[in-house]
Amino acid sequence: MLVATLIATVVFAATFIVSRGNDGNDDFPIFLNKTSFMAFIVSDAFVLFSSTMSIVMFLSILAAPYAEVDFLKSLLKRLIIGLTSLFLAIAIMMIALGAALLIVLDH
């Protein structure tokens with residue numbers, strides 16, 4: 001849960017750091033017309049969604065009002081969903097990192 005929280009925090013902050021800057025026009029960012037910027041924004045949104053879903057799944061395991069017997073199916077299902085979404089967030093975060101590097105190191 002700690003890793004998912006760190007991923008969500010960093011991805012949320014990276015959204016505003018990479019897209020910062022404009023050409024005197026406050027409406028649109030500089031990199032709006034680049035495909036790498038759109039790849040970054042889309043992958044960043046998926047990472048944020050996936051890590052948030054992982055946090056919610058892990059919190060639902062901690063706060064579940066079930067007895068020990070009920071955890072046989074419920075715990076396993078929630079744990080699989082939480083870990084899958086966490087690994088998905090890490091994998092897509094690498095795509096977002098590559099897109100951000102393409103944006104920054106374009107020249």
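Okay, let's start with residues 79-105: over that stretch the chain is 96% helix and 0% strand, with the end C-alpha atoms 39 Å apart. Keep in mind that this is a predicted model.

Where do those residue numbers come from? They're from UniProt: an unreviewed entry there carries the annotation "transmembrane region" for residues 37-67 and 79-105. So what does the other span, residues 37-67, look like in the model? That one comes out at 84% helix and 0% strand, and its end C-alpha atoms lie 48 Å apart.

Now for the helices themselves. Helix 2 runs over residues 35-62 and helix 3 over residues 71-104; their axes come within 7 Å and cross at roughly 160 degrees. Anything over 145 degrees counts as roughly antiparallel, so that's what we call helix 2 relative to helix 3. As for handedness, the crossing of helix 2 past helix 3 is left-handed.

And what sort of residues make up the contact of helix 2 with helix 3? We get 25 nonpolar, eight polar and two charged.

Let me zoom in on one residue, Ser51, which sits in helix 2. Is Ser51 buried or exposed? Its relative accessibility is 0%, and the cut-off for buried is under 20%, so Ser51 counts as buried.

Who's around it, then? If you skip the neighbours within four places in sequence, Ser51 is in contact with Ala4, Ile7, Ala8 and Ala89.

Terms used: Residues numbered from 1 in each chain as written. Predicted model: local features only at pLDDT ≥ 70, side-chain atom pairs only at ≥ 80, totals over all residues. Heavy atoms only, no water. Axes fitted to C-alpha atoms, helices over the stretch in contact; angles between N-to-C directions. Helix = DSSP H or I, 4+ residues; strand = E, 2+ residues; numbered from the N terminus. Parallel < 35°, antiparallel > 145°, perpendicular 65-115°, else oblique. Left-handed = near helix turned anticlockwise from the far one by under 90°. Nonpolar A, V, L, I, M, F, W, Y, C, P; charged D, E, K, R; others polar. Buried < 20%, exposed > 50% of the residue type's maximum accessible area, 1.4 Å probe, protein only. Contact = heavy atoms within 4.5 Å. UniProt positions renumbered as here; feature names shortened; annotations may be inferred.
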